[in-house]
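I opened the file to look up the fold, the strand pairing and the salt bridges. My notes follow in the order in which I went through them.

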Amino acid sequence: PYLCNYEGQGIFFDCDQMLRTDIAEIFSVMEEQPGKAVHVVKHTYEPRDDVKYLNTVQYKYPRKNWSSVILWNCNSFPNRKLTPEFVQRSTGAELHRFSWIEDERIGELPPEWNWLDVEYEWNPLAKLVHYTLGTPCFHEFATSGDFAEEWHQERLLTDHCEQRTTNE
């Protein structure tokens with residue numbers, strides 16, 4: 001919200017995700033649930049593993065992965081607390097758990113907007129896949145999960161470049 005001058009809408013995604021649809025679709029949730037400061041997928045699960053990619057500890061805490069996809073109502077008054085100074089002095093737990101917002105101001109995104117690959121069963125309707133245990137770019141996750149092959153196909157498309165030559 002600070003980066004948007006506390007105006008309009010904003011969105012945040014973790015970097016270990018793959019969007020499978022038009023991002024504009026997500027903003028309809030704000031019309032369906034007006035008056036919310038943020039909208040998130042309210043996951044209610046506990047990670048199965050104690051370790052994730054690169055032997056990183058997999059912490060288990062309340063509201064796990066809620067903050068990995070956030071649709072922001074930048075105009076919302078509670079979000080004005082999110083100044084650079086507030087963020088710097090807050091703990092990770094306070095930020096990940098949305099401590100600056102009353103619970104009733106946290107709207108809900110459908111789970112398809114933050115589908116946890118491997119943690120959840122296959123869902124062909126997932127709009128945004130979250131590789132929370134490790135993205136397919138890591139050798140140990142190159143073929144794991146339901147969406148690894150699709151991730152590799154998309155990576156190939158992003159690497160593709162057609163060059164045109166002109167005969168002048």
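I take a residue as buried when its relative accessible area is under 20%, as exposed when over 50%, and as partly exposed in between. I also note at the start that this is a predicted model.

Entry: the chain overall. I counted four helices and nine strands in the protein chain. Read along the sequence, their order is β-β-α-β-β-β-β-α-α-β-β-β-α. The C-alpha atoms fill a box of roughly 55 × 50 × 30 Å along the principal axes. Of the 168 residues, 38% come out as buried. I looked up the accessible surface and found about 10,500 Å², with 51% of this belonging to carbon and sulfur atoms. Among contacts with a separation of 6 or more, 71% are between residues 24 or more positions apart. For the charges, I have 16 positive and 28 negative ones, and their mean positions lie 7 Å apart.

Entry: strand 6. I asked how many residues of strand 6 are buried. For residues 69–73 the result is five of five. Val69, Leu71 and Asn73 point one way, while Ile70 and Trp72 point the other way.

I then looked for the partners of strand 6. Strand 1 (residues 9–13) runs antiparallel to strand 6 and is joined to it by five bridges. Within this pairing, Phe12 has Ile70 as its bridge partner. Strand 3 (residues 38–40) is also antiparallel to strand 6, with two bridges. Here His39 is partnered with Leu71.

Entry: I found an open sheet with the order 2-9-8 and mixed pairing. Strand 8 and strand 9 (residues 128–130) run parallel and share two bridges. Trp115 is opposite Val129 of strand 9.

Entry: salt bridges. I have seven in the structure, and I looked at several of them individually.

Lys127 and Glu25 meet through their side chains at 2.7 Å, N to O. Lys127 sits in the loop between strand 8 and strand 9, and Glu25 in the loop between strand 2 and helix 1 (28–32), so the pair ties together parts 102 residues apart in sequence. Lys127 is partly exposed at 24%, and Glu25 is partly exposed at 34%.

Arg48 and Glu119 form a salt bridge at 3.5 Å, N to O. Arg48 is in the loop between strand 3 and strand 4 (51–52), and Glu119 is in the loop between strand 8 and strand 9, so this pair ties together parts 71 residues apart in sequence. Is Glu119 buried or exposed? Its relative accessibility is 9%, so Glu119 counts as buried. Arg48, in contrast, is exposed at 52%.

Asp103 and Arg63 meet at 2.6 Å, N to O. Asp103 lies in the loop between helix 3 (92–96) and strand 7 (106–108), and Arg63 in the loop between strand 5 (56–57) and strand 6, so parts 40 residues apart in sequence are tied together. Asp103 has 47% relative accessibility and is partly exposed; Arg63 is partly exposed too, at 21%.

Conventions
Residues numbered from 1 in each chain as written. Predicted model: local features only at pLDDT ≥ 70, side-chain atom pairs only at ≥ 80, totals over all residues. Heavy atoms only, no water. Buried < 20%, exposed > 50% of the residue type's maximum accessible area, 1.4 Å probe, protein only. Contact = heavy atoms within 4.5 Å. Areas by Shrake-Rupley, 256 points an atom, 1.4 Å probe, with all protein chains shown as cover. Lys, Arg positive; Asp, Glu negative; His and termini not counted. Charge placed at Lys NZ, Arg CZ, Asp CG, Glu CD. Pairing = 2+ DSSP bridges. Salt bridge = Lys/Arg side-chain N within 4 Å of Asp/Glu carboxyl O.
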